[in-house]
Amino acid sequence: MGNTKKLLFKGKHPELVNGQSYTYEHFAKVAGVGYKCLYSRLYGKTCVTDMDLRPLRSHNIPKEFGAIWSDKTDRLYSRFEKPVDQISQNWLSRRI
């Protein structure tokens with residue numbers, strides 16, 4: 001059996017202590033995302049910041065992308081990390 005990997009937290013999250021080490025499961029629970037989602041976000045990192053623990057909701061869309069979004073884009077829940085990823089997927093999924 002292997003050891004459970006813990007990552008160092010550096011930030012100001014209210015549920016976590018700065019400088020303390022936590023497991024992927026604990027970070028996922030605090031962020032409100034699944035284990036696999038958080039694992040892919042943190043892959044290759046040695047410390048976790050507040051930006052890594054953002055929720056999965058994409059309703060905080062930057063204003064510069066506001067005009068690009070169509071009505072059929074899901075703004076509440078998305079499997080893509082950034083608005084650009086969703087726009088790219090819309091173009092990639094069109095028929096040729």
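Arg94 sits over the face of Trp91, 4.1 Å from the ring centre; a charge counts as over a ring if NZ of Lys or CZ of Arg is within 6 Å of the ring centre and within 35 degrees of the ring normal. This is a predicted model, in which local features need pLDDT of at least 70 and side-chain atom pairs count only at pLDDT 80 or more, while totals for chains, interfaces and linings use all residues. Residues are numbered from 1 along each chain as its sequence is written, and side-chain values use heavy atoms, with hydrogens and water left out.

Rings of Phe, Tyr and Trp (its six-membered ring) pair if their centres lie within 6.5 Å; planes under 30 degrees apart are stacked, over 60 edge-to-face, and the rest tilted. In the pair of Phe9 and Phe27, the centres are 6.4 Å apart and the planes stand at 45°, so this pair is tilted. Phe9 belongs to strand E1 (residues 6-9) and Phe27 to helix H1 (residues 24-31), so the pair ties together parts 18 residues apart in sequence. Helices (H or I, at least four residues) and strands (E, at least two) are DSSP runs, numbered from the N terminus. Phe9 has 0% relative accessibility and counts as buried, and Phe27, at 0%, is buried too. Buried means under 20% relative accessible area, exposed over 50%, and partly exposed in between (1.4 Å probe, protein chains only). Elsewhere, ring pairs join Tyr24, Tyr35, Tyr39 and Tyr43 into a cluster.

Phe9 and Phe27 are also among the residues with the most contacts inside the largest nonpolar core, which has 14 residues. Such a core is a set of buried Ala, Val, Leu, Ile, Met, Phe, Trp, Tyr and Cys residues joined through side-chain atoms within 4.5 Å. Two or more residues come from each of E1, H1 and helix H2 (35-42), and H1 gives the most, with five.

In H2, the buried residues are Leu38, Arg41 and Leu42. Around the axis they cover an arc of only 85°, which puts them on the same side of H2; the arc is that of the directions from the helix axis to the C-beta atoms. Lys36 and Ser40 are exposed on the other side. E1, H1 and strand E3 (47-48) are included in what covers the buried residues of H2. Leaving aside neighbours within four places in sequence, Leu42 is in contact (heavy atoms within 4.5 Å) with Leu7, Tyr24, Phe27, Val48 and Asp52. After H2 comes Gly44, with a positive phi near 85°.
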